[in-house]
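Colleague: I'm new to this one. Can you put it up and walk me through the packing?

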Amino acid sequence: MTTAARRTVSRRQRPLWMLAPGGVLLIVVIVVPLAVALLVSTLDLNQYTLRQWTDAPNVGLDNYVEAWRETALPHAIWVSVGYSVIVTVAAVPLGLAAALATQQRFRGRALVRSVFLVPYVLPAFVVGTVWRTFLQPDGPANGLLGEQYLWLNGPNSYWALIVVQLWTSWPLLYLLALSGLQGVPDDVHEAAALDGAGWWPKLRSIILPHLRGVLGLGMVIEFLHTLNSFTLPYVLFGVPAPHDVEVLPVLTYVESFQNFKFGLSAAMAVLSLVLVSIPLSVYLRAVRLNRNED
């Protein structure tokens, strides 16, 4: 091979070498912990075998069977998916309405936009503590309603979790919708105004088609964020959580750090990963199909 040919090959391979640091980081941060989690999920690992966990008995898929049959995992999955869907669906119109309301210039727009972002930028621990105080039996919530409801226990706790999670999550859809609105060309708005289009035809025929990809991505992120939310339910209800709000991350935490069943909790974590990958794969497939159609 001549010197010129070697230089050409070297230049072609150079981008791959530039990706090497990112690839190493990906392996260390994602691949290795995932492999360890898969290994631990097949071991009978508890407080007695933790010190010598490499010698713990291998039980195969028994941890997965036990997690599904002998724990509250099916109920936790049902609760987590159910409230995540409700929060995601409710956050879309809230975020879109807020984005439309703050798109045009007006006096105090910067202040309004900052206020809209307050629920999103506050730490989940702070949000859970404030809402826990607000929802106490003798707290401001019951004072405003004039009734004595149990918001932190019983059936009402499920709706309390939805309200609090929605309050802290909808600004994400607001930000994405606002960024998508900036991409709508001005001439499109001018053409709609010249045609005398009202706000509903304009929203249905112009704005929503432009925001379809942004809102789809926002819904996937919102769903996954809510499904994996641990700090907010943990602070809001404590552990063990009430049966109606026993979400999957909290149940995994209880099995690991209270019951010290590390192999069982690792199996729950792996099942959580499988659950999370389903909507993500559906979204990626939808994006690929849209690209092929274009």
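Modeller: In the largest nonpolar core, which has 37 residues, Tyr 83, Leu 135 and Val 164 touch the most other members. A nonpolar core is a set of buried Ala, Val, Leu, Ile, Met, Phe, Trp, Tyr and Cys residues joined through side-chain atoms within 4.5 Å. Buried means under 20% relative accessible area, exposed over 50%, partly exposed in between (1.4 Å probe, protein chains only).

Colleague: Is this a predicted model or not, and what's left out?

Modeller: This is a predicted model: local features need pLDDT of at least 70, side-chain atom pairs count only at pLDDT 80 or more, and totals for chains, interfaces and linings use all residues. Residues are numbered from 1 along each chain as its sequence is written, and side-chain values use heavy atoms, without hydrogens and water.

Colleague: Which residues does Leu 135 touch, beyond four places away in sequence?

Modeller: Leu 135 touches Ala 141, Trp 151, Leu 152, Ala 160 and Val 164. Contact here means heavy atoms within 4.5 Å.

Colleague: Switching to rings. How many aromatic pairs are there?

Modeller: The count is 12. Rings of Phe, Tyr and Trp (its six-membered ring) pair if their centres lie within 6.5 Å; planes under 30 degrees apart are stacked, over 60 edge-to-face, the rest tilted. One of the pairs, Tyr 149 with Trp 151, is tilted, at 5.4 Å centre to centre and 50° between the planes.

Colleague: Is Trp 151 buried or exposed?

Modeller: Trp 151 counts as buried, at 18% relative accessibility. Tyr 149 is partly exposed, at 35% relative accessible area.

Colleague: Which residues form a ring cluster?

Modeller: Ring pairs join Phe 230, Tyr 234, Tyr 253 and Phe 257 into a cluster.
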